[in-house]
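Visitor: Could you walk me through this one? I'd like to go from one residue to the wider picture.

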Amino acid sequence: MGLKAFVEGGIASTVAGCTTHPLDLIKVRLQLQGEKHSVPVRPQPVENLRTAYAFHSHSSATAAPPATLGIQPRGGLISVGVRIVQSEGVAALFSGVSATVLRQALYSTTRMGLYDVIKHKWTDPDTGKMLLTRKVAAGLIAGGIGAAIGNPADVAMVRMQADGRLLTAQRRGYKNVFDAIARLVSQEGIASLWRGSALTVNRAMIVTASQLACYDQFKEMILGKGLMKDGLRTHVTASLAAGFAAAVASNPVDVIKTRVMNMNVEAGATPPYNGALDCAVKTLKAEGPMALYKGFVPTISRQGPFTVVLFVTLEQVRKLLKEF
């Protein structure tokens, strides 16, 4: 049972991660909006500007005001997505997808497999049920261990997804996840691969506990009350509820994690943030409490489909591998 749980979880997570990657990329871009350290404030030639200024046909003739040249344009889920496509092409929506695959292979395979193993050990053999508190505890443990293992891929993914929003001359231009990791180590040290790891672990614990525990709880409740039979409708309904719970619980930590991982630390220079707490304080002071819910629409837009694809795929994979 042990190894099979990891294989099933890994397959389902990779399928879900690749399917919803564009929404995850837009979420990262939105979470970095308003950050003062993202681009320089000195005037730049219009042709070097990022998305919002580059795609207007009259931009080459009309220079933008110097005060706004270093500021990224704000927008929502659709407008940011449109700007990315218009300025970087459709393929840009899959920037960092190789990192997503590696992240799911490390992080999600571990958390899904561990959760299933712990769940089977903690389930009451007489009733075949498990208390919600134990499900949450299993999710916290599995999520924390999985995140610690997958953090390097998480850092690479954030860097690759955020790269397109930088000025052309500042873009890192990673070829793939392995190139990103190699350059991070050579330029910023091996410790950079675990930058924001405390936040990654905290977020993963919250997401896994809310996502997996809620799915099991909602599915158990639906079947127990006879509202639906065990099938696709039950799996979709339970996963939507779990996705919403995970998005609400994890978004504040996710915003801080994204900003800490994306900051560029140069030798001899003072880093933009001195850690997660410093990032949270500076974000709250500069942008207010709602800054912690930046990117919530794409977060919930991603968590819903991601969780549905994850659990529907997982249930199907389990059926296919039932005889093994």
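Guide: Let us begin with Lys 294, which counts as buried because its relative accessibility is 14%, where buried means under 20% relative accessible area, exposed means over 50%, and partly exposed lies in between, with a 1.4 Å probe and protein chains only. This is a predicted model, in which local features need pLDDT of at least 70 and side-chain atom pairs count only at pLDDT 80 or more, while totals for chains, interfaces and linings use all residues. Residues are numbered from 1 along each chain as its sequence is written, and side-chain values use heavy atoms, with hydrogens and water left out.

Visitor: Which residue does Lys 294 form a salt bridge with?

Guide: The partner is Glu 287, with the closest N and O atoms 2.5 Å apart; a salt bridge here is a side-chain nitrogen of Lys or Arg within 4 Å of a carboxyl oxygen of Asp or Glu. Glu 287 itself counts as partly exposed, at 24% relative accessibility.

Visitor: And how many salt bridges does the whole structure have?

Guide: The search finds 19 salt bridges. Among them, Asp 216 and Lys 119 meet through their side chains at 3.3 Å, N to O. Asp 216 lies in helix 8 and Lys 119 in helix 5, so this pair ties together parts that are 97 residues apart in sequence; helices (H or I, at least four residues) and strands (E, at least two) are DSSP runs numbered from the N terminus. Both Asp 216 and Lys 119 are buried.

Visitor: What else does Lys 119 pair with?

Guide: Lys 119 also forms a salt bridge with Asp 116, where the closest N and O atoms are 3.9 Å apart. Asp 116 and Lys 119 both sit in helix 5, three residues apart, or about one turn of the helix, and Asp 116 is buried, as is Lys 119. Elsewhere, a network of salt bridges links Asp 24, Lys 27, Arg 103, Asp 154, Arg 203, Asp 254 and Lys 257.

Visitor: Switching topic, how many helices and strands are there?

Guide: The protein has 11 helices and zero strands. Of its 324 residues, 50% are buried.

Visitor: Which residues have the most contacts inside the largest nonpolar core?

Guide: They are Tyr 115, Leu 310 and Phe 311, in a core of 18 residues; such a core is a set of buried Ala, Val, Leu, Ile, Met, Phe, Trp, Tyr and Cys residues joined through side-chain atoms within 4.5 Å. Helix 1, helix 5, helix 6, helix 8, helix 9 and helix 11 each supply at least two residues of this core. A second, separate core of 13 residues includes Ala 99, Ala 156, Val 158 and Tyr 174.

Visitor: What does Leu 310 touch?

Guide: Leaving aside neighbours within four places in sequence, Leu 310 is in contact (heavy atoms within 4.5 Å) with Ala 12, Ser 13, Ala 16, Arg 111, Met 112 and Gln 211.

Visitor: Where is Asp 163, then?

Guide: Asp 163 is in the loop between helix 6 and helix 7, and at 9% relative accessibility it counts as buried. Beyond neighbours within four places in sequence, Asp 163 is in contact with Arg 171, Arg 172, Gly 173 and Tyr 174.

Visitor: Last one: how many disulfides did the search find?

Guide: It found zero disulfides, a disulfide being a pair of cysteine sulfur atoms within 2.5 Å. Cys 279 is buried at 0% relative accessible area, whereas Cys 18 is partly exposed at 25%.
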